[in-house]
Amino acid sequence: MSSINLIDLAEDNVRDEARRAMEVCNACRYCEGYCAVFPAMELRREFTDGDLDYLANLCHNCQGCFHSCQYAPPHPFGINVPKTFAELRLQTYADYAWPQPMAKFFDRNGTLVTLLTALCVASVIIALMLIQDPQVVFASHVGPGAFYKVIPWGVMTAFAGATFLFAILSLVMSFRNFWRASQRPASDIVRPRTLGQAMHDVLTLKYLGGGGHGCNDVSDHFSMRRRYYHHFTFYGFMLCFAATSVATIYDHVLGLQAPYGFFSLPVLLGTVGGIGLVIGPVGLIWIKIISDPAPLSKKMIGGDYALLMLLLLVSVTGLLLLGLRETGAMGILLAIHLGFVLAFFIAIPYSKMVHGLYRSAALIRYALERQEDSDAHAADQSKPKVKVA
Amino acid sequence: MASLTRLYDVLVIGGGNAALCAAITAREAGASVLLIEWAPKAFRGGNTRHTRNLRAMHSEPTSVLTESYLEDEYWDDLKRVTGNNTNEELARITIRETEGSLPWLEERGVRFQPSLTGTLNLSRTNAFFLGGGKSLVNALFNHAERIGVAVLYDTEATDLIIDDGFVREVKIVNKGFPATVRAKAVVASSGGFQANIEWLKEYWGAPAENFLIRGTPYAKGRVLRSLLDQGVHQIGDPTQCHAVGIDARAPKFDGGIASRLDSVPFSVMLNQNGDRFYDEGEDVWPKRYAIWGRLIAQQPDQIGYSIVDSKAEKLFMPSVFPAYRADSIRELAGQLGLDPDKVEKTITAYNEAVQPGVFDSSKLDGCTTAGLTPPKTNWAQKIDTAPFLAYPLRPGITFTYLGVKVDDRARVLMANNEPTANLYASGEIMAGNILSKGYLAGFGMSIGTVFGRIAGREAARRVLN
């Protein structure tokens, strides 16, 4: 008889639990219609650590499989795929982090991102007060270069550039680490057809659709809310990013200095994006508060709230700054806003933001596997797959 | 809020698909409805939790079904599996009504999906529930509560008090507290008795102790017993149950689909003595899995062992429990607690009997044994390539056939064939009227949906007139 090692059972190894769950799911397969995880699972009979990391990041946490699971707790099998995978995702964020010592940042991510945010905002305000004459800070400034009278352009650009470029470097290295676990060549990433499919799935959040009906975001009822609030957040963020990019071109190429008019392109993009970045995070926080806690991971949720709050504070302070930029409050608001932006830039590779990176990588791998599987099936029609009711 | 003191129009006993369809239909017709479910909320839904599709007649392709599946073909399929041992009138009602069942369920929040991978043989006839039966149960409970059906979980019906064909009251136990509820009409949708081991032992004796129950532990047949004891017309062979071969390591109850093992046709099956006992390759597995429960039940200790070698390992769906695995047949036998000499001898005799042929797992390939009793008539390949693998199997009981007789209005009939005044039945408790033996994939859900709706409609009509 096979023996059970009690010491192994006592160890709380998240990958062992994920493997056990996938072995039960692979013998059941009722959830195949929900998302990409189960079709990807069905392509394998054994699950390496790398496979599990991939499947966990393919999971969009729509929770449909939990609510429909005949093996969910209190069934003795106690299968809870969304929770198990959320915990494994957190583990992968740490394991693939670059540089590796930063992996610890994911241990108490909610607390650390919050502390980082407080520290950044406080530091910018204190630095401003120490360096800048209070008369200048609290005066109202108008016309080109108004912001730079409070915080010099060079300082702003140096901090933003350094932190943002470091974040990009860190994300690239993390992506590389994650992709290596797939044991596929890097050239696989850029195959146009599968990359196009994956980008479509990323940009539409196809797998928060729960098979076309929305996800079980708060209970066993189906809804599209989470998908839409995520769209507000993501596209709001992208518009804000576009606003910053256009402003950079205005400044460096066209020689036009901020602040720009309310109906200028950077301000329009930033305003619309900022509003999206208020609606989205508020909606997502609201859903987290009211949702059934059973399929959620407590370890993950602190980091979720911390990032959503940070995004919300970036957008709210940005919009406030826009509204009050011609008053004496502009200086201090600019410092607060830039403090949040600085915290965000630093936190990008060490917060929940990385989910987008690994999710995209997983969807690229999924598109490749599906393509290869359908090619193989076309070549060999006689694959046996006997299954009975 | 559900109340035990209120006189409801309709009391529905059970929480599976048949109960929910009855409760929803009666409520939509304007009746006040109380539904009592023995299971706690987490395990609500009876055996519906473990189902995944419904067999539906259709004359043209639907959102999830291909081509067409007409009444006569459906009827032929049913006649074949039951050996023509069915009630044609009730069967044809069921078949015809399945056409409207799909949209009816969809309108009430049930989501369907195209046939799952590996079940293409069912894509024309069976509509699959997105996420399986528990998803359907969730959707129907959500709908029922939204339209005002009162629901009590953890509430067992223990006895129906029938007086001259009229149900006066129903004895229940609500969260451990005995009580009595009254309703103008009662729908019994409380399933079979397959989870009642003591009852199974009446027909099977001690071997029933070794049966595994694939579905809900709450199908104890209390309501069925109460009705039969009070002179309700019994239908179906009490000694019969749908029994398949499943992984012996599955939990006693509720192991569901994951405990399925598909290795048998590509293996040799040994009993506790190390002997083969039936032709493993008689036909494709979907046509044979339902006879293996009985075959294994007839073996010593009601256990069988499916032995394959590494060549066959990937020919069937992965198992939920890992295979026993060894580098020699002797070692494998040791792991299983079987006599290594005997097992080695059986496997050697089998290997020597295997005839040359072209193995093809996707069809009846005619690869057979010669001079072996019993023979293996398809997929006979030598078991000679380590590692060797084994899976233990036990009988897994899906449902029982014993039930109460009903008429075309789902009214329960007394032994003299007189209809009861206010008692209706739907689901497994009356499925034996139509399905007296054998099984047709997805047909249990068809009977539950159709007769659930009929029972709900008729119960409401009676109390509202």
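Which strands of chain B does helix α1 (residues 17-28) lie across? Before I answer, a word on conventions. Residues are numbered from 1 along each chain as its sequence is written, while chains are lettered from A and ligands numbered from 1 in the order in which they are written. The model is predicted: local features need pLDDT of at least 70, side-chain atom pairs count only at pLDDT 80 or more, and totals for chains, interfaces and linings use all residues. Helices (H or I, at least four residues) and strands (E, at least two) are DSSP runs, numbered from the N terminus.

To the question, then. Helix α1 of chain B lies across β1 (8-13), β2 (33-36) and β10 (183-188) of that chain, and runs at about 170° to β2(B). Such angles run from 0 to 180 degrees between N-to-C directions, with axes fitted to C-alpha atoms, for helices over the stretch in contact. Contact here requires C-beta atoms, placed from the backbone, to lie within 7 Å.

I turn to the sheet itself. In chain B, 6 strands form an open sheet of mixed pairing, ordered β6-β2-β1-β10-β20-β19. Its edge strands are β6 (150-152) and β19 (411-413), each pairing on one side only. From one strand to the next, the twist averages 35°. Two strands count as paired if DSSP finds at least two bridges between them. Strand β19(B) is joined by 2 bridges to β20 (residues 419-425) of chain B, and the two run antiparallel. Within this pairing, B:R411 stands opposite B:Y424.

One residue of β20 deserves attention: B:A421 is placed in that strand of chain B. Setting aside neighbours within four places in sequence, B:A421 is in contact with B:G165 and B:F166. Its C-alpha atom is separated by 9.9 Å from that of B:K184, 237 residues apart along the chain.

B:F166 leads us to a hairpin. Strands β7 (residues 155-163) and β8 (residues 166-174) of chain B run antiparallel, joined by 8 bridges. B:D163 stands opposite B:F166 in β8(B). The hairpin has 2 residues between its strands, and B:D164 in the turn has a positive phi of about 55°.

At the level of domains, whose bounds come from an automatic or database domain assignment, chain B is given domain 1 (8-237 + 401-464) and domain 2 (244-396). The contact between them takes 12 residues from domain 1 and 16 residues from domain 2 of chain B.

Finally, chain A. Helix α7 (residues 109-131) of chain A has 23 residues and should span 33 Å at 1.5 Å a residue; its end C-alpha atoms are 32 Å apart, which agrees. The expected span is 1.5 Å times one less than the number of residues. Buried residues of α7(A) include A:V113, A:L116 and A:C120. Among the elements covering the buried residues of α7(A) are α8 (134-137), α14 (298-323) and α15 (330-347) of chain A.

As for the interface, 35 residues of chain A are in contact with 41 residues of chain B. On the chain A side, α2 (14-28) and α5 (64-67) each give two or more residues. The largest share, 5 residues, comes from α2(A).

Note on methods. Contact = placed C-beta atoms within 7 Å. Buried ≥ 20, exposed ≤ 12 C-beta atoms within 10 Å, placed from the backbone.
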